[in-house]
Amino acid sequence: MSVSITADQAKRIALWRQGLLGPMPAAGKSAAQEQRVHDMVRSLGAVQLDTISVLARTHELVAYARYGAIDRAAIEAAYWNGDSSFEYWSHAACILPVEAWPLFAFRRRHYARRGIRWHEVTQKSIESVLARLRSDGPLTTKDIGGAKSSGEWWDWSDSKIAIEFLLDTGVVVCTSRVGWRRVYDLAERVIPSELRTQRGWSDDEGVVGPSDGDCIRALVLAGADVMGVGTADDIADVHRISKADVRRHAPELGLVSVSVAGWKDPAFATPAALEWLDSGAKSKSRTTLLSPFDSIIWHRPRTLRLFGMHHRLEAYTPAPKRVHGYFAMPVLHRGELVARVDPKREGPVLVASRVTLEEGSVSHAAQGVAEALIQAARWVGSDEIRVDTVIPSSAARAVRSAVKDARRLAS
């Protein structure tokens, strides 16, 4: 039996499941903030990492969108504590809750079977790296001889190739970063033994863990839980598994077939999401800037279906060809994506280099932009906001006026 829901109900489920409904919690003490971020990682399942830092790096922005002006030191301490989370390949390079370690045995086996990490890896370099880790770990690539053999980004040193292959296959693990460099240690020293070995687990390609099939089934369920409701493509994209696996295992995992008005493809929902919908919860959506790598919008086809926004990152697009800006951040306001803001900091000034409003009410979008900019400025310690280009230009006065009014009310 299939359940029918509206597109707006699907969007509400997504916002609820992503922790973007309801009032911002009070800041609280540092330990309480760290705990919130721990809980967020477990709830979201994966928090994507990226090198770009404009207002902040994306893993900080994900926590900010859910908790407001949370202390950035508390965010970093929550992620890189060497205890409750680790870094691995999920949606991309992601911070994952440590309990998820067994579920990626299938991917570690894949890399072990492949026997290559973009570059050929030698047994001699593997043994050399392992010896250093055993005697001196934890270590960065700088500690073991450097990451590159030359100035080219792709020309990795033998030690970098070896340690990344060991990371891929689960012999070593990254649980922290220093100066954005990974810190590596032996998995046997970091991951609790009960998450590395259990009765009945397979030992294929030297990788101990649940069978590949058990891993896939667990990740289908985990992806569906993060989405609340989503197509097979949406669910598969969370941890980058196949759509066919989602369709194959959804019924046996208790996922409910759902028809969403306006969606071309059939969808699946978790019973918990449908129960929440039936409860009639009316919490308001946050107003905030969203990282382009935030899991509420990281799958572009889903973003278009849920919010009507065709969004893509333009950081790697030549500047003259950019439409919305280097790191355009969608503005979430009252359950909608009302605009995009391309921010940067110039000393104490938070600059909105380009503000692009979506179609709809200009005053509504301008209010959302203003509130989001005021909150972001307060978080990063900027005491002034400047709005440069506004698209359409006819909305420039409304946006700047809204920012001025919001600043006056906030002071």
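Reader: Which residues is Val 226 in contact with, leaving aside its neighbours within four places in sequence?
Author: Arg 17, Gln 18, Ser 43, Leu 44 and Gly 45. Contact means heavy atoms within 4.5 Å. Keep in mind that this is a predicted model, where local features need pLDDT of at least 70 and side-chain atom pairs count only at pLDDT 80 or more, while totals for chains, interfaces and linings use all residues. Residues are numbered from 1 along each chain as its sequence is written, and side-chain values use heavy atoms, with hydrogens and water left out.

Reader: Is Val 226 buried or exposed?
Author: Val 226 is buried, because its relative accessible area is 3%. The cut-offs: buried is under 20% relative accessible area, exposed is over 50%, and partly exposed is in between, with a 1.4 Å probe and protein chains only.

Reader: Where does Val 226 lie?
Author: In helix α10, residues 212-227. Helices (H or I, at least four residues) and strands (E, at least two) are DSSP runs, numbered from the N terminus.

Reader: How do α1 and α10 cross?
Author: Their axes come within 7 Å and cross at roughly 105°. Therefore α1 is roughly perpendicular to α10. Axes here are lines fitted to C-alpha atoms, for helices over the stretch in contact, and angles run from 0 to 180 degrees between N-to-C directions. Under 35 degrees counts as roughly parallel, over 145 as roughly antiparallel, 65 to 115 as roughly perpendicular, and the rest as oblique.

Reader: Which residues make that contact of α1 and α10?
Author: From α1, Ile 13, Ala 14 and Arg 17. From α10, Asp 225, Val 226 and Met 227. By class, the contact of α1 with α10 has four nonpolar, no polar and two charged residues. Nonpolar covers Ala, Val, Leu, Ile, Met, Phe, Trp, Tyr, Cys and Pro; charged covers Asp, Glu, Lys and Arg; the others, Gly among them, are polar.

Reader: And α2 with α3, at what angle do they cross?
Author: Helix α2 (residues 30-44) and helix α3 (residues 58-67) cross at roughly 100°, and their axes come within 11 Å. So α2 is roughly perpendicular to α3. On the α2 side the contact uses Arg 36, Val 37, Met 40 and Leu 44. On the α3 side it uses Val 62, Ala 63, Arg 66 and Tyr 67. Those residues of α2 and α3 divide into six nonpolar, no polar and two charged.

Reader: Switching to α14. Which of its residues are buried?
Author: Arg 302, Thr 303, Leu 306 and Phe 307, in a helix that covers residues 300-307. They line one face of α14, because seen down the axis they fall within an arc of 100°. The arc is that of the directions from the helix axis to the C-beta atoms.

Reader: What do the buried residues of α14 pack against?
Author: Helices α1 (7-17), α10 and α11 (232-239), plus strands β9 (229-231), β13 (329-333) and β14 (336-346). Just after α14, Gly 308 has a positive phi of about 75°.

Reader: I'd like to check the backbone too. What is phi of Glu 205?
Author: Near 55°, a positive value in a residue other than glycine. Most residues other than glycine have a negative phi, and most peptide bonds are trans. Glu 205 sits in the loop between β7 (202-204) and β8 (207-209). At 47% relative accessible area, Glu 205 is partly exposed.

Reader: What about Arg 240 and its phi?
Author: Positive, about 55°, although Arg 240 is not a glycine. Its loop runs between α11 and α12 (243-249). Arg 240 counts as partly exposed, with 44% relative accessibility.

Reader: Is the peptide bond from Ile 391 to Pro 392 cis or trans?
Author: Cis, with omega near 0°. Pro 392 is in the loop between β16 (384-391) and α16 (396-410).

Reader: Now the whole chain. How many helices and strands?
Author: There are 16 helices and 16 strands. The radius of gyration is 22 Å, close to the 22 Å from the globule rule for 411 residues, so the chain is as compact as a globular protein of that length. That radius is taken over C-alpha atoms, and the rule is 2.2 Å times the number of residues to the power 0.38.

Reader: What does the C-alpha trace span?
Author: About 65 × 55 × 45 Å along its principal axes. Of the 411 residues, 55% count as buried.
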